[in-house]
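Please read these notes with the model open beside them. They go from the whole chain down to single residues.

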Amino acid sequence: MEQLNGHLEALEAEAAAAIGAATSASDLEDLRVGLLGKKGKLSAVLGAMGRLPGAERPLVGQRANVLKEQLQGLLAQRLGAVKAAAMAERIARESLDVTAPCSYVPPGHRHPLISTIEEIVDVFSGLGYRVSEGPEIESDYYNFTALNIPEHHPARDMQDTFYLQDGRLLRTHTSPVQIRHLETNPPPVRVIAPGRVYRRDAVDATHSPVFHQVEVLAIDEGLDFSHLRGTVTAFLQRFFGDLPVRFRASYFPFTEPSAEVDVQWRGRWLEVMGCGMVDPAVLTGMGLDPERWSGFAAGLGVERFCMVRHGIDDIRRLYTSDLRFLEQF
Ligand code: DAH
């Protein structure tokens with residue numbers, strides 16, 4: 001018995017030292033297993049208890065239980081200390097300097113041209129129109145011929161453009177989308193086509209070689225000029241407010257009759273779009289019988305709408321990406 005008690009004492013001293021020296025949770029777990037586990041040192045001592053006389057066993061057992069609880073206490077205590085030290089170390093290492101200058105990325109927002117297009121699309125969506133799109137690099141056929149503008153026709157001069165080596169061109173208007181849409185969609189159709197267009201124009205306050213248009217096309221049975229007038233007027237009054245709108249006779253090769261539309265804005269008449277009844281020659285070219293189908297088309301310049309609405313005096317402001325300007329919208 002003396003010998004076993006001696007073992008227990010030695011174990012206590014050894015364990016206390018080892019626990020005190022442990023610096024991590026995993027070290028402590030290893031110690032716990034080595035001391036108190038099934039094959040641990042305490043079990044080894046207790047195993048030897050079987051050789052003691054019966055009367056002495058409870059005494060040694062009691063002593064062993066006290067030691068076990070003691071070691072458990074030491075382990076838990078040390079674990080708390082180790083964790084606290086790790087946390088303190090981490091806090092010290094990760095300290096934040098809340099006064100350091102930061103990199104601030106301000107949130108962006110829509111460009112006024114894009115929001116103008118979205119507004120126009122919104123109004124026409126409300127009237128039952130869908131959006132259709134076409135390519136910016138076009139063939140002569142879609143940009144001109146199919147729109148009743150044959151080669152050598154003087155109307156081509158109105159829209160001088162940029163040509164590619166292979167004879168294709170940068171579209172001068174969104175009207176070719178009318179043709180492309182009709183090629184794959186039998187009437188009735190109601191579509192608008194927003195997009196970028198190009199003209200060989202010198203830059204000034206009202207001209208840019210790249211600008212945006214929205215095309216409108218409706219084909220159905222029984223459509224006449226009153227539908228065109230009603231639709232265009234409804235759209236303009238929704239966009240600009242309840243302003244007077246007037247239609248002036250005009251000419252476009254792909255519509256007959258054709259009109260230009262003005263709105264009275266701040267006391268003067270402003271021309272805002274072109275429109276007309278789709279020319280029977282265009283319908284026939286698309287394989288549609290003009291006795292059965294009729295329709296109207298319209299085209300507008302987005303920059304113009306945007307500038308009028310926001311009182312912008314120079315088209316170049318829309319392209320120079322000056323944040324002092326853009327942040328006002
Ligand atoms: N494409 C014409 C232009 O760019 C605008 C236009 C006029 C479109 C009348 C139309 C229309 O659809 O009916 O000058």
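1. Model and domains. This is a predicted model. The domain assignment divides the chain into domain 1, residues 2-94, and domain 2, residues 112-326. Between the C-alpha centres of domain 1 and domain 2 the distance is 88 Å.

2. The sheet. An open sheet is built from seven strands, in the order β1-β4-β5-β9-β8-β7-β6, with mixed pairing. At its edges are β1 (130-131) and β6 (245-252), each of which pairs on one side only. Strands of a sheet are held to one another by backbone hydrogen bonds, in a parallel or an antiparallel way.

3. Strand β9. This strand spans residues 293-301, and eight of its nine residues are buried. Strand β5 (residues 210-221) pairs with β9 in the antiparallel sense over nine bridges. In this pairing Val-216 stands opposite Ala-298 of β9. β8 also runs antiparallel to β9, and five bridges join these two strands. Here Met-277 has Phe-296 of β9 opposite.

4. Strands β7 and β8. Nine bridges link β7 with strand β8 (residues 268-278), again in the antiparallel sense. A pair to look for is Trp-265, which stands opposite Arg-268 in β8.

5. Thr-255. Is this residue buried or exposed? Thr-255 counts as buried because its relative accessibility is 2%, and the cut-off for buried is under 20%. Thr-255 belongs to strand β7, which covers residues 255-265. The side chain of Thr-255 makes a polar contact of 2.6 Å with the side chain of Ser-258. Apart from neighbours within four places in sequence, Thr-255 is in contact with Cys-275, Gly-276, Met-277, Val-278, Asp-279 and Ala-297. Met-277 in this list is the residue that stands opposite Phe-296 in β9.

6. The ligand site. How many residues surround the ligand? There are 16, and the closest are His-173, Ser-175, Arg-199, Gln-213 and Glu-215. A polar atom in the side chain of His-173 lies 2.9 Å from a nitrogen atom of the ligand. For Ser-175, a side-chain N or O atom is 2.9 Å from a ligand nitrogen atom. The side chain of Gln-178 has an N or O atom 3.2 Å from an oxygen atom of the ligand. On its own the ligand has 350 Å² of accessible area, and the protein covers 92% of it.

Terms used
Residues are numbered from 1 along each chain as its sequence is written. This is a predicted model: local features need pLDDT of at least 70, side-chain atom pairs count only at pLDDT 80 or more; totals for chains, interfaces and linings use all residues. Side-chain values use heavy atoms; hydrogens and water are left out. Helices (H or I, at least four residues) and strands (E, at least two) are DSSP runs, numbered from the N terminus. Buried means under 20% relative accessible area, exposed over 50%, partly exposed in between (1.4 Å probe, protein chains only). A polar contact is a pair of N or O atoms within 3.5 Å; within protein, one must be able to donate a hydrogen and the other to accept it, and residues adjacent in sequence count only if both atoms are side-chain atoms. Contact means heavy atoms within 4.5 Å. Domain bounds come from an automatic or database domain assignment. A residue is near a molecule or strand if one of its heavy atoms lies within 4 Å of it. Accessible areas come from the Shrake-Rupley method with a 1.4 Å probe; for residues, only the protein chains shown count as cover. Two strands pair if DSSP finds at least two bridges between them.
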